[in-house]
Amino acid sequence: MLLEAAGRPLRDAQLAEPVPGPHQVLLRVAACGVCRTDLHVADGELPHPKLPLVLGHEIVGEVVALGPGADRFELGARVGVPWLGWTCGECRFCRSGRENLCAAARFTGYQLDGGYAEFTVADERFCFPLPPRLAAAEAAPLLCAGLIGYRSLLAAGDSAERLGLYGFGAAAHIVAQVARAQGRKVFAFTRPGDAAAQRFALELGAAWAGASDAPPPEPLDAAIIFAPAGTLVPAALRAVERGGTVVCAGIHMSDIPAFPYEILWGERTVRSVANLTRRDGEEFLALASQLQLHTAVEPYPLGRAGDALEALRAGRVRGAAVLVAEGSAFG
Ligand SMILES: [Zn+2]
Ligand SMILES: [Zn+2]
């Protein structure tokens, strides 16, 4: 499914099977998650995508061919491909454990073709071996939604016992499970009137669920904003107690309105989380296995990728939308 230009619907295209280059593996895609970032790319909100482009950066695939020098995975191995597709390995960020900030990094489904396809290639050094327990469709959302949620939770801090989650979609429904397992109290904020999302949050163990413009029943220690709405930043700052942290987890957000200094005062922090490191992936996937995290998935056939994006835009997805290959052995 090809994006030819920002703002245009995806087109069902017949492309040549990609050939794996040095250190790359060729993957038969079993499932690919649909992420909010895909919408930002498709809508032209992120600059300079590769065009035409195959979106998708939550790929679960089977290794079917190896490029020159690729020796990390056996043929038939099941691997996950995340957003971080390549880094330079040499800059000061790469050398200090912050490859997520590498200025030369290339991202899957943005500068590199991704997983809205039957086949894709990926640099094996940036792929993750996947635990066999989960079906492909259920594993796919771990690769971005889960990972970014995990990195955001680290940024929220170990001492954040009362955690607010703004936007209860793919990422929040996973991070809520991690936070609960760690003994934190979760407060879920949804679009006003979205009773279904509020029920979903309560089912996953949230202590409270309500509208994003409502105050929580008690002050929070930290909040993570997954929804791309800048108005939520002052709302979340008002909801956190002194010393609290507000983490913006998305890659794109509408402008943040001006707010009075007093809601930042008291050593409150606003910060963002950008991309992921391979170390985040290894830690989080091990944790996902250990905690037996479950993902709620709405499957779509690959040809309906455009419908999946529109469902996500409209807030109609419970958990994560995932494109599933027909006849996949791992489906
Ligand atoms: Zn670098
Ligand atoms: Zn993503």
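**Notes on the model**

1. Gln292 sits in the loop between helix 7 and strand 16 (297-301); helices (H or I, at least four residues) and strands (E, at least two) are DSSP runs, numbered from the N terminus. Gln292 is not a glycine, yet it has a positive phi of about 50°. Gln292 counts as exposed because it has 11 C-beta neighbours inside 10 Å. The burial classes, based on C-beta atoms placed from the backbone, are buried for 20 or more other C-beta atoms within 10 Å of a residue's own, exposed for 12 or fewer, and partly exposed in between.

2. This is a predicted model, in which local features need pLDDT of at least 70, side-chain atom pairs count only at pLDDT 80 or more, and totals for chains, interfaces and linings use all residues. Residues are numbered from 1 along each chain as its sequence is written, while chains are lettered from A and ligands numbered from 1 in the order in which they are written.

3. Two further backbone features deserve attention. Most residues other than glycine have a negative phi, and most peptide bonds are trans. His23, which is not a glycine, has a positive phi of about 65°. His23 belongs to the loop between strand 1 (2-3) and strand 2 (24-34), and is partly exposed, with 18 other C-beta atoms within 10 Å. The peptide bond from Leu51 to Pro52 is cis, with omega near -10°; Pro52 lies in the loop between helix 1 and strand 3 (53-54).

4. The domain assignment, which is automatic or from a database, divides the chain into domain 1 (2-143 + 276-324) and domain 2 (146-272). Taken over C-alpha atoms, the centres of domain 1 and domain 2 are 25 Å apart. Domain 1 contributes 24 residues to the contact and domain 2 contributes 20 residues, where contact requires C-beta atoms, placed from the backbone, to lie within 7 Å. On the side of domain 1 that touches domain 2, helix 1 (36-42) and helix 7 (278-291) each supply at least two residues. Helix 7 gives the most to that side, with six residues.

5. How do helix 3 and helix 4 pack? The axes of helix 3 (residues 145-156) and helix 4 (residues 170-181) come within 8 Å and cross at roughly 55°; axes are lines fitted to C-alpha atoms over the stretch in contact, and angles run from 0 to 180 degrees between N-to-C directions. Helix 3 is therefore oblique to helix 4, the class left after roughly parallel (under 35 degrees), roughly antiparallel (over 145) and roughly perpendicular (65 to 115). The residues of this contact divide into 11 nonpolar, three polar and no charged. Here Ala, Val, Leu, Ile, Met, Phe, Trp, Tyr, Cys and Pro count as nonpolar, Asp, Glu, Lys and Arg as charged, and the others, Gly among them, as polar.

6. Helix 6 (residues 232-239) has six of its eight residues buried, so it is largely enclosed by the rest of the structure. The buried residues of helix 6 are Leu232, Val233, Ala235, Ala236, Leu237 and Ala239. Their cover includes strand 10 (162-166), strand 13 (220-225), strand 14 (240-248) and strand 15 (269-272).

7. Cys91 is in the loop between strand 6 (84-86) and strand 7 (106-107). Cys91 counts as partly exposed because it has 16 C-beta neighbours inside 10 Å. Not counting residues up to four places away in sequence, Cys91 touches Cys102, Ala103 and Ala104.

Key. Contact = placed C-beta atoms within 7 Å.
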